[in-house]
Amino acid sequence: MASRLLRFEDLTLGYDRHPVVHHLGGEVAAGSLLALVGPNGAGKSTLLKAIAGEIAPLGGRIERCGFSRHDVAYLPQHSTLDPTFPITVFDFVAMGLWRRIGPFRGLGKAGRTRVAAALAEVGLSGFEHRPIGSLSGGQLQRTRFARLLLQDAQLILLDEPYSAIDLKTVGELAALIERWHGEGRTVIAVLHDLEHVRGHYPEALLLAREPIARGPTAQVLTAENLFRARQQGEAFDENAPVCERKAAA
Amino acid sequence: MIADWLFAPFVEFGFMRRALVGCLALSLGATPVGVFLILRRMSLAGDAIAHAILPGAAIGYLVAGLSLPAMTAGGMLVGLAVALIAGGIARVTLLREDASLATIYLISLASGVMIVSMRGSNVDLMHVLFGTVLALDDAALTLLAAIASITLVTVALVYRPLVMECCDPAFLKSVGRSSTPVHFMFLVLVVLNLVAGFHALGTLMAVGIMILPAAAARLWVRDVSRLILVAMLVAVLGSVIGLLMSFHASLPAGPAIVLTLGALYVVSLLVGTDGVLARRLGPQWHWSS
């Protein structure tokens with residue numbers, strides 16, 4: 001049985017003391033390829049942020065087994081990347097080696113080779129000297145994937161990695177994610193395309209502020225579960241107390 | 001004749017040589033900071049912080065008169081506090097950072113002028129507002145040189161994380177702990193250089209030698225390290241021409257320098273490789289892979 005990488009213990013997450021995800025429990029095994037699905041506002045991105053250590057839980061805890069928050073490669077939904085910044089594709093992707101080179105060490109020949117290999121992997125060989133501002137949305141997303149590659153992380157978090165990119169790019173990036181999975185890395189991705197999830201992700205967590213279902217994708221993405229998730233999302237009482245369930249227990 | 005026009009003022013007059021050295025120190029220290037301010041889209045924040053130095057310097061003036069250490073310390077403390085408070089207000093309220101900076105800038109300017117007026121004359125007020133680049137003494141020059149040195153060394157030390165912070169702040173935050181210290185160090189450098197600029201150009205124009213060369217350079221080059229070098233060059237050129245114009249045409253030195261830098265910016269805006277004309281008339285971008 002695969003070892004445990006993450007454990008959620010009665011996890012409640014939110015912003016400004018306003019809960020978004022309630023009472024999430026369970027584990028993520030090392031090497032999982034897990035899709036996070038659910039309606040808008042279900043708390044999927046919030047959960048990824050919490051795993052990445054960007055926000056602290058309002059209640060409960062996340063146990064990271066054998067790694068720190070800085071060992072995670074995280075691709076947020078809303079990038080803070082400034083596309084007008086004067087930097088080449090090569091230098092941008094080389095940022096992925098930060099954990100190895102830090103503020104002072106040079107890239108060296110090995111580093112340059114790795115950057116070139118990462119660019120080749122995402123189909124951007126020959127783009128090394130292009131400014132990032134000259135790239136299309138899909139190409140920019142590929143450069144971000146190349147940077148993720150160089151981070152060489154055991155846990156990779158992807159928040160809507162295919163938004164605003166064409167089908168060809170989606171196919172290529174999906175193949176890359178499957179390769180990561182094949183290498184034994186753990187990938188957790190927030191996705192909206194349920195057909196894509198059914199085709200590529202063996203496990204899914206259906207979230208609608210509370211966990212609706214978790215397990216093999218076919219058993220999670222049933223019509224009944226999806227209906228429940230939609231209802232839960234729409235019927236949710238914004239003014240409900242944070243831990244009603246606990247109070248009732 | 002031209003050589004006379006260019007060199008005589010600096011050869012013959014000590015105050016011009018001092019002004020030149022002061023401006024060179026400012027050009028070397030303030031421009032890298034200006035480049036990063038522009039890249040982080042914080043140019044107006046720099047302007048607001050420059051104004052925030054005024055009440056600090058004014059308190060120093062109130063306590064010890066036109067004393068360099070007192071006004072420097074006051075300007076540093078208040079400038080830094082305001083830079084942090086503005087960021088804090090934006091984080092804990094609905095107000096965006098630009099709005100909180102605008103309010104602080106107005107309050108700072110008014111309170112600074114009020115404090116100076118309580119004790120000093122209009123001459124003192126003009127000194128604080130517009131600086132005294134032609135009256136820099138040894139202590140002021142030492143301060144300017146020290147700040148330039150500290151800035152260059154610090155920028156060299158934090159260059160890589162600073163570039164990452166400007167380009168993709170969330171990424172730097174996710175891969176290490178250097179994001180917050182780098183941001184804080186950068187704010188300290190901004191305030192330090194504005195204090196240096198305040199002694200030469202006054203609080204109202206200190207930010208000029210920081211932002212204008214950086215903005216001009218941005219219209220010529222697309223690489224951060226070259227951007228810094230070109231910005232330094234523009235600042236040196238603007239300072240020298242400004243000082244000469246001031247000397248030969250009996251113009252106030254600070255505004256002459258800032259206006260020269262402004263003229264260099266306008267020229268860059270028009271004919272720079274990324275300027276208006278190049279974008280309108282240059283060759284079309286062709287796809288190549």
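Predicted model: local features only at pLDDT ≥ 70, side-chain atom pairs only at ≥ 80, totals over all residues.
Visitor: What makes helix 1 of chain B roughly perpendicular to helix 2 of chain B?

Guide: The axes of helix 1 (residues 2-12) and helix 2 (residues 14-39) of chain B come within 5 Å and cross at roughly 105°. Angles of 65 to 115 degrees count as roughly perpendicular, and therefore helix 1 of chain B is described as roughly perpendicular to helix 2 of chain B.

Visitor: Why is helix 11 of chain B called oblique to helix 12 of chain B?

Guide: For helix 11 (residues 224-249) and helix 12 (residues 253-271) of chain B, the axes come within 8 Å and the crossing angle is roughly 135°. Roughly perpendicular ends at 115 degrees and roughly antiparallel needs an angle over 145, so a value between these limits counts as oblique, which makes helix 11 of chain B oblique to helix 12 of chain B. The crossing of these two helices is right-handed.

Visitor: Which classes of residue make up the contact of helix 11 of chain B with helix 12 of chain B?

Guide: The residues divide into ten nonpolar, five polar and no charged. Among those contributed by helix 11 of chain B are B:Val234, B:Leu237 and B:Ile241, while helix 12 of chain B contributes residues including B:Ala256, B:Thr260 and B:Leu264.

Visitor: How do you know that B:Arg41 and A:Asp82 meet in a salt bridge?

Guide: Their side chains lie 2.9 Å apart, N to O, and the rule asks for a side-chain nitrogen of Lys or Arg within 4 Å of a carboxyl oxygen of Asp or Glu, so the pair qualifies. Between chain A and chain B the count is two salt bridges, and over all chains it comes to 18.

Visitor: What links A:Glu63 and A:Arg4?

Guide: The side chains of A:Glu63 and A:Arg4 meet in a salt bridge at 3.5 Å, N to O. This pair links distant parts of the chain, with A:Glu63 in strand 4 (residues 59-64) and A:Arg4 in strand 1 (residues 4-15) of chain A, 59 residues apart.

Visitor: How many residues does each chain give to the contact of chain A with chain B, and what area is buried between them?

Guide: Chain A gives 30 residues and chain B gives 28, and the buried area is about 2500 Å², of which carbon and sulfur atoms give 59%. On the side of chain A, the residues that lose the most area to chain B are A:Phe85, A:Pro86 and A:Trp98, together 27% of what that side buries.

Key:
Residues numbered from 1 in each chain as written. Chains lettered and ligands numbered in written order. Heavy atoms only, no water. Axes fitted to C-alpha atoms, helices over the stretch in contact; angles between N-to-C directions. Helix = DSSP H or I, 4+ residues; strand = E, 2+ residues; numbered from the N terminus. Parallel < 35°, antiparallel > 145°, perpendicular 65-115°, else oblique. Left-handed = near helix turned anticlockwise from the far one by under 90°. Contact = heavy atoms within 4.5 Å. Nonpolar A, V, L, I, M, F, W, Y, C, P; charged D, E, K, R; others polar. Buried area = accessible area lost by both parts, 1.4 Å probe.
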